[in-house]
Amino acid sequence: ASSDNVGDTVNYEITGIDPGAGLMKATEKAMKDYKLSDWTLKEGSSTAMTAELQKAYEDKEPIIITGWTPHWMYQKYDLKYLEDPKGSYGKGENIHTVVKRGFEEEAPGAYKVLDQFHWKPSDMEEVMVDIQEGMDPKEAAKKWAKSHSKAVQQWTKGAEKGNGQEIVLVYVAWESEIASTNVISEVLKQHGYAVNMKQVEAGPMFAGIADGSADAMVAAWLPTTHADYFERYKNELVDLGANLEGTKLGLSVPEYMQIDSIEDLKK
Ligand code: PBE
């Protein structure tokens, strides 16, 4: 048996994602709260993170990642969230739809669709899994819209049709937001709008809506994860409320690792 502690087995490294993600700020806070001063949080992207996770998982090697739900990785792999007794990651929260000021007057139909957009974590996961398995995100969105026509009808109910008007949707390349943005984009297209999906970083996503260069996003994790961005721009944004309830953030590890709590990283 090895006397290595967890830190030694992973080089005191937590595999993170893009630096603009609220999850990275929350992890920095957790590292302070749990006094993990020997540890480093590695920046990258969610694609790089899941690639490293896959590699470690296949070799049954230890790895600690920054995770969130909904995400396909919890479907594909046996993973667990490390307990967070200090509550560094906050409680479960919701994903909000946010539009620019004046959008309701500019595109009332699209505004109404976005306002009525609401689905469940299991819906989002369906789309994410298809994309992860290799389906083009647009195709996965079309497939979901086709097989959930009742939901789509509810979102578009009473909404004026577009006549080719362009709607700019901003999003970050997080798997959850790739899924949601493609689905709402598909629905808006079917409703007569020309959608321009712009992939940006987290800061510019909020800034773009605030300065009016973008119309809408379905990717605001509130009240905690994107609190900084939201506070900064809240007077320039219109918050349409939750489009999905029940998210989670935290450090995650494969089930085969013998640790259960963030506290265990100190040993
Ligand atoms: N995430 C996914 C984002 C919000 C959506 C949890 C990686 C973040 O941390 O900002």
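Predicted model: local features only at pLDDT ≥ 70, side-chain atom pairs only at ≥ 80, totals over all residues.

Student: OK, which residues are around the ligand?
Tutor: They are Ile17, Ala21, Gly22, Leu23, Trp68, Trp174, Ser176, Glu177, Ala202, Trp221, Thr225 and Leu249. Helix H2 (22-33) and helix H10 (175-190) are the elements that give two or more residues to this shell.

Student: And by class, what is in the shell around the ligand?
Tutor: Eight residues are nonpolar, three are polar and one is charged.

Student: Which domains does the shell draw on?
Tutor: At least three residues come from each of domain 1 (6-91 + 248-266) and domain 2 (94-245).

Student: Now helix H8. Which residues are buried there?
Tutor: In H8 (residues 137-147), the buried ones are Pro137, Ala140, Ala141, Trp144 and Ala145. They are on the same side of H8, because they cover an arc of only 135° around the axis. An α-helix has 3.6 residues a turn, so residues three or four places apart point the same way.

Student: What is exposed on the other side of H8?
Tutor: Lys146 and Ser147.

Student: What covers the buried residues of H8?
Tutor: The cover includes helix H7 (121-132), helix H9 (149-156) and H10.

Student: New topic. Where are the cis peptide bonds?
Tutor: One joins threonine 69 and proline 70, with omega about 5°. Proline 70 lies in the loop between strand S3 (65-69) and helix H4 (73-76). Another joins leucine 222 and proline 223, with omega about 15°.

Student: Is asparagine 11 buried or exposed?
Tutor: Asparagine 11 counts as exposed because it has 10 C-beta neighbours inside 10 Å, and the cut-off for exposed is 12 or fewer. Its phi is near 55°, a positive value in a residue other than glycine.

Definitions and conventions:
Residues numbered from 1 in each chain as written. Near = placed C-beta within 6 Å. Helix = DSSP H or I, 4+ residues; strand = E, 2+ residues; numbered from the N terminus. Nonpolar A, V, L, I, M, F, W, Y, C, P; charged D, E, K, R; others polar. Domains from an automatic or database assignment. Buried ≥ 20, exposed ≤ 12 C-beta atoms within 10 Å, placed from the backbone. Arc of directions from axis to C-beta. Contact = placed C-beta atoms within 7 Å.
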